[in-house]
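Here is a short briefing to read alongside the model.

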Amino acid sequence: MSIYSYFKQWFKDFLEIFDKELGEIFHDSGAMLIFFFAGIIYPLMYNGIYYHGLLDKTNIAVVDNADCPESREYIREIDATRECNVKTKCVNIDQAKKLMEKGKVHGIVYFPADYGERLNRKDQAFIYIYADMSSFLYYKDAMMSVNHVMISQLHDIQIERYREAGIVGEAAEMQAKPLQYDEEYPYNKAFSYQIFICTAILLVIMQQTMFYGMALISGTQREEKRSYAKLISERKGLGAGRIILARGSVYGMIYLALTLYVLTIVPRLFGLPQLGGFGDLFGLSVIFVIDCVFFSMFWSSFITRRESIFMLFLFMSPICLFLTGFAWPWYSMPKFYQIFSYILPTTFGVQTFMNISCAGADLVTCHDAVITLTIQSIVYCLLTCLTIYIEDWILRHKTQFQEAKEKFAEKAGVDIEENLRIIGGEEAVERYRQERQQKQ
Amino acid sequence: MGRLQNIRAVARRELRIIGQRPIYFFGTIVPLVLSTIFYLTFFGEGTAEKLPVGVVDMDRASYFSKALGRELGDNQLCKVVTYKSFVEARTDMQKGKIAGFVVIPENTYKDVLSFRRPTFAFYINGLYFVGGSMAYKELLTMANMGNGAVEREFLRAYGYSEDEIMGMIQPIIVECHPIGNKEINFNYYLSSILLPAVLSMIIIIILIYSLGSEMKYGTSRHLLRTSGNSITVAIAGKLYVYTILFSILGLGLIFLLYDWLDFPIAGHVWTMVLDMLLLVLSSEAMAIFFIGIFPVTRLAMSAGALYSILAFSFSGFTLPVEQMPTAIQSLAIGFPIRHYYLYYVQDVLYGTGFAGWWQEAVHMLLFLFLPLMVMPRLKKAYIYLNFPRN
């Protein structure tokens, strides 16, 4: 066979498989729901849920037993911070606690009776916070607000005390704060929850919907006994390369469009940071989608029925999200999970996306992650080829497997016909007997 | 008596199905066990440790910058990475390799000694939730401690007593008492809701599959024949098996968390047992509702999957529900795990007893009315099989 005819045949097979797979997707309502409903709506939905990612004006209660000018000023300043809103002044801790149990306030600030007295005695005065731990964001708000006010008050009190000791003006400033510092938060300045979770969740949605959809399709194909792996023995000279490239391009094409939508349009709609250039985002999309295609293709090799994917792998979605390190930092994870996260495209895809769009990095800065994604793609591509040949071998030896299974069942004391009679009635047994006769 | 016998017959039949198809084992116990192991070990001790924090030392390893590096390095929470230039540190932060860094400008130590109030800067990487806020806390504490240390030396030189010095350096002390989670442990916080949410997801998916596969494999008529042509008996028989199975898993979870691992609990573990049983029942009700609305297995399963993934967000244990857009807020009541969470807050964090959680228990019981609405429709689908089978 000349090289020319080889390539001609190659492209013919490629287009044929491509065409078939594309048609299959558009005729499957489950896959359409996953690809187009989940792929398009879910990014919007999650951004909608987390749109006000900043918890502002958390209601708190104040118990002011000191009732002195200093404590009153402190309370006014807490009320003025972005984080907290002084909702009520309670007469005692019990009342405030009741309000917190009812969910009306999410924090209590308590000034003991000797607060003003201690300040005037130049002692250390205490303030107590009781934080609602039902969400850590409540705790963070109460802590941040009270501590910020504390730092500003601290400075005033210190200057006052130095003045009394006879140190005034610049000298007092120098004593009170010999070192100055600037706090800089270059990215996600206000610690918005939307930015944390949405940047991570967008690519996780892409990977997981592609995986579920592809598994749904290949599960159906296997269930209906027309797995793509059969093509290898059905047509002579057809290699696995054509099959996976043709099938892969179908999903790659759909998901390149979806990923670009998710990485460029969605952030614009919801005001997520967009520091990255289009070129970098496009490059990331291409690398990420190719990786996801081979990832999904490899793992969907284990799916033999159309519904099994949700039963077996749905629980992995939140795990993928946590492994990206969006909340719990990647470097604090146990070693085992750091290594485990190397099998997922999202770990590196999400980190690169965050760094590009929120921290203004480019693909060159993130070359480590890009290289990892590329290596992942190559490994998954090779593994997929391998599974195709293995599946082909299994399909060719199917009858042997079936017989072995039946023998094993017999040995274990399982009566297949009895089972069928109980589950599906006489008709099912009849059908089973007919099928066996046909085979023989 | 006939009904009870029929229920038992359906249950026996269901056990045969479960025994015959390994997917039931791989779809219930395996995901739950793997998730439990994952979340409980992932958060480890519940506090992030060894955050990499950069120090850009332009003061050429003076006494001050060395002391600062030591101070950070001694801290259990931090791990110091030193950089020679600002650009190197910034690039590493853009890559997400460090949680933050401090820049110590030239001549800092000299300036301190000669009262020139040097300014140093710290940069926080706010892109990773826990890492960012911890780094912020550590660096801020360190800056204030550094200030205090210098101040103390001066005050000592002036001849102040130690008590007076403390009054000068730290006139106000803020003490925080986090209620119900004193160590601010992330494991207690997240696993308490994530694991029940995973269980609820498994219940919904498995039960939809179990009810839907009757139509898919064309065995639904035989099921009705076994149940004496009553859909209520058929579902009761199936639930008989699944409720026992899922309750065992759920109670295992509760006792694992609150008894074996000793997660702090202000109320009583038996009230949480009730909470878990209600979660199991209401999730089952949701599953029947789904297959009743879409009597097509593939559609019901896809819809159930999309719904149960959203439940993680709508439970409101990370971003509180009242912070979500108003139009979306009301959707949260349609998720059993949301009520489980509110019940949990009352019992585990506050220990308020019946007065605190009865409303949530009622809310979860209300879910049990959902199946009643769709049962006639499901029965028709079972008899006529007039929907796409897959």
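Helices (H or I, at least four residues) and strands (E, at least two) are DSSP runs, numbered from the N terminus. This is a predicted model, in which local features need pLDDT of at least 70 and side-chain atom pairs count only at pLDDT 80 or more, while totals for chains, interfaces and linings use all residues. Residues are numbered from 1 along each chain as its sequence is written, and chains are lettered from A and ligands numbered from 1 in the order in which they are written.

**Domains**

- Chain A is assigned domain 1 (3-50 + 192-396), domain 2 (58-176) and domain 3 (408-439); such bounds come from an automatic or database domain assignment.
- Between the C-alpha centres of domain 2 of chain A and domain 3 of chain A there are 75 Å.
- For chain B the assignment gives domain 1 (2-44 + 185-384) and domain 2 (51-169).
- The C-alpha centres of these domains of chain B, domain 1 and domain 2, are 50 Å apart.

**Where the chains meet**

- The contact between the chains involves 96 residues of chain A and 101 residues of chain B, where two residues are in contact if their C-beta atoms, placed from the backbone, lie within 7 Å.
- On the side of chain A that touches chain B, helix 6 (residues 136-164) of chain A gives the largest share, 13 residues.
- That side of chain A is made up of 58 nonpolar, 25 polar and 13 charged residues. Here Ala, Val, Leu, Ile, Met, Phe, Trp, Tyr, Cys and Pro count as nonpolar, Asp, Glu, Lys and Arg as charged, and the others, Gly among them, as polar.
- Strand 5 (residues 180-187) of chain A runs parallel to strand 4 (residues 119-125) of chain B, and 6 bridges join them; strands pair if DSSP finds at least two bridges between them.
- Opposite Glu184(A) stands Tyr123(B), in strand 4 of chain B.

- All 7 of the 7 residues of strand 1 (residues 51-57) of chain B are buried. A residue is buried if 20 or more other C-beta atoms lie within 10 Å of its own, exposed if 12 or fewer, and partly exposed in between, with C-beta atoms placed from the backbone.
- Leu51(B), Val53(B), Val55(B) and Asp57(B) point one way from this strand, while Pro52(B), Gly54(B) and Val56(B) point the other way.
- Strand 1 of chain B pairs in the parallel sense with strand 2 (residues 78-83) of chain B over 6 bridges, and Val55(B) has Thr82(B) as its bridge partner there.
- Strand 1 of chain B also pairs in the parallel sense with strand 3 (residues 100-104) of chain B, over 5 bridges; in strand 3, Ile104(B) is the bridge partner of Asp57(B).
- A right-handed β-α-β unit is made by strand 1, helix 3 (residues 63-74) and strand 2 of chain B. A crossover is right-handed if, with the strands pointing away from the viewer, the path from the first strand over the helix to the second runs clockwise.

- Because 13 of its 13 residues are buried, helix 15 of chain A is largely enclosed by the rest of the structure.
- The buried residues of helix 16 of chain A include Ala369(A), Leu373(A), Tyr380(A) and Ile388(A).
- Helix 9 (230-234), helix 10 (240-270), helix 11 (278-299) and helix 15 of chain A are what the buried residues of helix 16 pack against.

**Individual residues to look up**

- Lys87(A), in strand 2 (residues 84-90) of chain A, is partly exposed because 18 other C-beta atoms lie within 10 Å.
- Leaving out residues up to four places away in sequence, Lys87(A) touches Asn59(A), Ile60(A), Ala61(A) and Val105(A).
- Asn107(B) sits in the loop between strand 3 and helix 5 (108-113) of chain B and has a positive phi of about 60 degrees, although it is not a glycine.
- Leu385(B), in the segment after helix 16 (370-384) of chain B, is not a glycine either, yet has a positive phi of about 50 degrees.
- Lys216(B), in helix 8 (residues 186-216) of chain B, counts as buried because it has 20 C-beta neighbours inside 10 Å.
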